[in-house]
Every structure is written in structure tokens, then in C-alpha cells.
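Here is a set of questions and answers for working through one protein model step by step. Keep the sequence and the structure in view while reading.

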Amino acid sequence: MGASLGEGVRSGVGVVDKAVSILDALELEPRSLSELAGATEMPRATAHRLALALERHGLVDRDAAGRFVLGPRLA
């Protein structure tokens with residue numbers, strides 16, 4: 001993940017660290033998939049897969065424009 005958001009905070013569980021990186025990116029502003037992948041420095045497919053999983057759990061949602069935003073469980 002390089003110089004991505006949340007750099008320096010690692011749990012040792014890669015998938016959790018990546019999921020938190022997505023949440024960190026969405027904390028700043030709504031993001032399209034391309035913007036999310038860029039902000040987290042993840043491959044687009046990985047960012048998409050994790051964002052969809054987080055959406056399924058209510059941690060991520062979509063706005064009217066289809067951008068990813070923080071979900072209702074985090075409110």
C-alpha cells in the first residue's frame with residue numbers, strides 16, 4: 001500500500017489493514033471506484049471487492065452519484 005492513507009498503522013492482518021485503508025479514504029470524501037483505488041494504492045479489482053464486502057456489512061454505502069461513502073453502521 002506504500003504511501004497510502006493510514007500509513008504506519010499495520011495490524012499484521014493484511015485484509016483488515018486494506019479494509020481500514022478504504023474506510024480512511026472514505027472518511028475524507030465520497031470517492032468513485034477509480035478514486036478509491038488511487039487513494040488506497042490498491043488494484044482496482046481489490047478495492048472494488050473490499051468496498052463491496054464493506055457495503056454488504058453496512059460500513060460502506062453509495063451516494064446518489066454512485067460514489068462510495070461511509071455507511072450507516074459508522075454513523
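Q: How many helices and strands are in the protein chain, and which pattern do they follow along the sequence?
A: The model shown here is a predicted one. The protein chain holds three helices and two strands. Read along the sequence, these elements give the pattern α-α-α-β-β.

Q: What percentage of the residues of the protein chain count as buried?
A: A residue is called buried when its relative accessible area is under 20%. The protein chain has 75 residues, and the share of them that counts as buried is 33%.

Q: What is the reach of helix 1 from its first C-alpha to its last?
A: Helix 1 covers residues 14-28, which gives 15 residues in this helix. At 1.5 Å a residue, a span of 21 Å is expected, and the reach in the model is close to that, at 22 Å.

Q: With which residues is Leu 36 in contact, leaving aside its neighbours within four places in sequence?
A: Once the neighbours within four places in sequence are left aside, the contacts of Leu 36 are Ile 22, Ala 25, Leu 26, Arg 31, Ala 51 and Phe 68.

Q: Is Val 20 buried, partly exposed or exposed?
A: Val 20 is placed in helix 1, and together with Val 13, Val 15 and Val 16 it makes a nonpolar surface patch of about 300 Å². Because its relative accessible area of 40% lies between the limits of 20% and 50%, Val 20 counts as partly exposed.

Q: Where is Glu 41 placed, the residue whose phi is near 60 degrees?
A: The phi of Glu 41 is positive, although this residue is not a glycine. Glu 41 has a relative accessible area of 43% and is partly exposed. Its place is in the loop between helix 2 and helix 3.

Q: Which residue forms a salt bridge with Glu 29?
A: Glu 29 lies in the loop between helix 1 and helix 2, and with 42% relative accessibility it counts as partly exposed. The closest N and O atoms of the pair are 3.7 Å apart, and the partner is Arg 31.

Q: What is the N to O distance in the salt bridge between Asp 63 and Arg 67?
A: The count of salt bridges comes to three, and one of them joins Arg 62 and Glu 55, with closest N and O atoms 3.7 Å apart. In another, Asp 63 is partly exposed at 21% relative accessibility, while Arg 67 is partly exposed with a relative accessible area of 34%. The side chains of Asp 63 and Arg 67 meet with an N to O distance of 2.7 Å.

Definitions and conventions. Residues numbered from 1 in each chain as written. Predicted model: local features only at pLDDT ≥ 70, side-chain atom pairs only at ≥ 80, totals over all residues. Heavy atoms only, no water. Helix = DSSP H or I, 4+ residues; strand = E, 2+ residues; numbered from the N terminus. Buried < 20%, exposed > 50% of the residue type's maximum accessible area, 1.4 Å probe, protein only. Patch = residues over 30% accessible without salt bridge, like charges linked within 9 Å, V, L, I, M, F, W, Y side chains within 5 Å. Areas by Shrake-Rupley, 256 points an atom, 1.4 Å probe, with all protein chains shown as cover. Salt bridge = Lys/Arg side-chain N within 4 Å of Asp/Glu carboxyl O. Contact = heavy atoms within 4.5 Å. Expected span 1.5 Å × (residues − 1).
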